[in-house]
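Try each task yourself before reading its solution.

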Amino acid sequence: MKYLDEFRDPGTLRALVAKIAGLPGSVTLMEVCGTHTMAISKAGLRQVLSPGVELVSGPGCPVCVTAVADIDRAVALAHMPGVMLATFGDMMKVPGTSGSLAGAAARGAQVRVVYSPLEALVLARENPGLDVVLLGVGFETTAPAVAATVRKAYAEGLCNFYALSLHKLVPPALRALAGLPGFHVDGFILPGHVSVVIGGEAYRFLVDEFSIPCVITGFEAADVLQAIYRLKSMKKSGPALENEYSRAVRPEGNPRALSVMWEVFEPADAEWRGLGSIPGSGLALKERYRDLDAGSWEVSRPEPGGLGGCRCGDILCGRIRPVECPLFGVSCTPDSPVGPCMVSTEGTCAAYYLYEREEP
Amino acid sequence: MCLAVPAEVVELEDEIALVVLGGARQRVDLSLCDDVAVGDFVLVHAGYAIDKVDEYEARRTLELFEELARLEEPGEIP
């Protein structure tokens, strides 16, 4: 990609850091994207910008916000005879009440890791004797790809392809978060690739109704610093919605991706880890595609249990930092994770553990 | 999980593009994208192109960074 080196130029980064430090006052900003979380931790931005800027992580990792009961459903589906479950790799180690998909695979369940939903179509064609279930996890970045795949399976008349949609929508979650009693941030650093699909205007309500400054940005350190600079500037100039990722994000988003998504899915209430049930924040298959919906299958699941002192729910709402969880780095590590924020490669705890942990 | 990688389109065949990613050629589905041409950069996510990347805007963002670095007083970017 042209210009990538320029986005990583140390001189640019130092200048941006100095400009941010030159702005008066201090702000607390929340990023709601796992890729931003990793970028911030990896570049050491939290330390460099302290104390004028405090960066906290929100519910930006689709793997992490998936509810225990939904993990349990996926594990139960994987154990059904004649079923092959296709999943993105990030979901494999996420613990449910009675184990993970990786655990199910170890006990003989047919679980396949796919990079693209299209691979699940191939699995269905190659295994006519099995029912292939695609586990649809992800925000608006991923949902259109799963929708397009469901549409292809339907058009092809594949009768052994199904989907379990655990997709989540970002704007309803931000609305729920902004409305939580006691919730306060001075600005949101908004996700670039979700916004590629839904468009910048989808966040207008955060400024209009909640007076929270918002900047959409990309994933290079310079992008994130630029967003932080603009958000801190708004302390004086007043809340606004800005798009610093205009090389990929348009105000209206990607109309074609949205039309494919809404052709296949409709909004549904969804359970978020940490935030509870949020109206209209999930995606369910529309009536036309109900025959492909593995979400309607009867499965026997355990009563959803807690994860032994895990505080991922509080971390996902920005109430505490990973180091404030008693399990962090002690009984919960990337090699032996207790909660999803340590499992996912883009989880807040994994980011802190990899890049920001103080050596004992 | 929402990571998307920009890649240049080198060949087109119906709704499939051949792109170069990390030195290797890869097939990318174009069902979610309008008007893709050879030479365009697309954002690749989970085997699909989720949109095009605007080269002009990429350049403009960099100019903004440069301008910001030159400013004497904070809070003055246009």
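## Exercise 1: a histidine and its surroundings

Task: leaving aside neighbours within four places in sequence, find which residues A:His36 is in contact with.

Solution. Step 1: search for heavy atoms within 4.5 Å, which is what contact means here. Leaving aside neighbours within four places in sequence, the search gives A:Glu31, A:Ile189, A:Leu190, A:Pro191, A:Gly192, A:Thr217, A:Gly218, A:Phe219 and A:Val224.

Before going on, a word on the ground rules: this is a predicted model, where local features need pLDDT of at least 70, side-chain atom pairs count only at pLDDT 80 or more, and totals for chains, interfaces and linings use all residues. Residues are numbered from 1 along each chain as its sequence is written, chains are lettered from A and ligands numbered from 1 in the order in which they are written, and side-chain values use heavy atoms, with hydrogens and water left out.

Step 1: A:His36 lies in helix 3 (residues 34–43) of chain A; helices (H or I, at least four residues) and strands (E, at least two) are DSSP runs, numbered from the N terminus.

Step 2: check its cover. The relative accessible area of A:His36 is 0%, so the residue is buried (buried means under 20% relative accessible area, exposed over 50%, partly exposed in between, with a 1.4 Å probe and protein chains only).

Step 3: A polar atom of the A:His36 side chain lies 3.3 Å from the backbone oxygen of A:Thr217, and one lies 2.9 Å from the backbone oxygen of A:Gly218.

## Exercise 2: a buried asparagine

Task: is A:Asn160 buried or exposed, and which backbone oxygens does its side chain reach?

Solution. Step 1: locate A:Asn160 in the loop between helix 9 (143–156) and strand 6 of chain A. Step 2: its relative accessibility is 6%, so A:Asn160 counts as buried. Step 3: the side chain of A:Asn160 reaches the backbone oxygen of A:Ala124 at 2.9 Å, and a polar atom of that side chain lies 2.9 Å from the backbone oxygen of A:Leu130. Step 4: leaving aside neighbours within four places in sequence, the contacts of A:Asn160 include A:Asn127, A:Pro128, A:Asp131 and A:Val132.

## Exercise 3: helix length

Task: what span should helix 13 (residues 221–237) of chain A have?

Solution. Step 1: multiply 1.5 Å by one less than the number of residues. Step 2: for the 17 residues of helix 13 of chain A this gives 24 Å, and the end C-alpha atoms are 24 Å apart, so the two agree. Step 3: count the cover; 14 of the 17 residues of helix 13 of chain A are buried.

Conventions: Polar contact = N/O pair within 3.5 Å; in protein donor to acceptor, adjacent residues only side chain to side chain.
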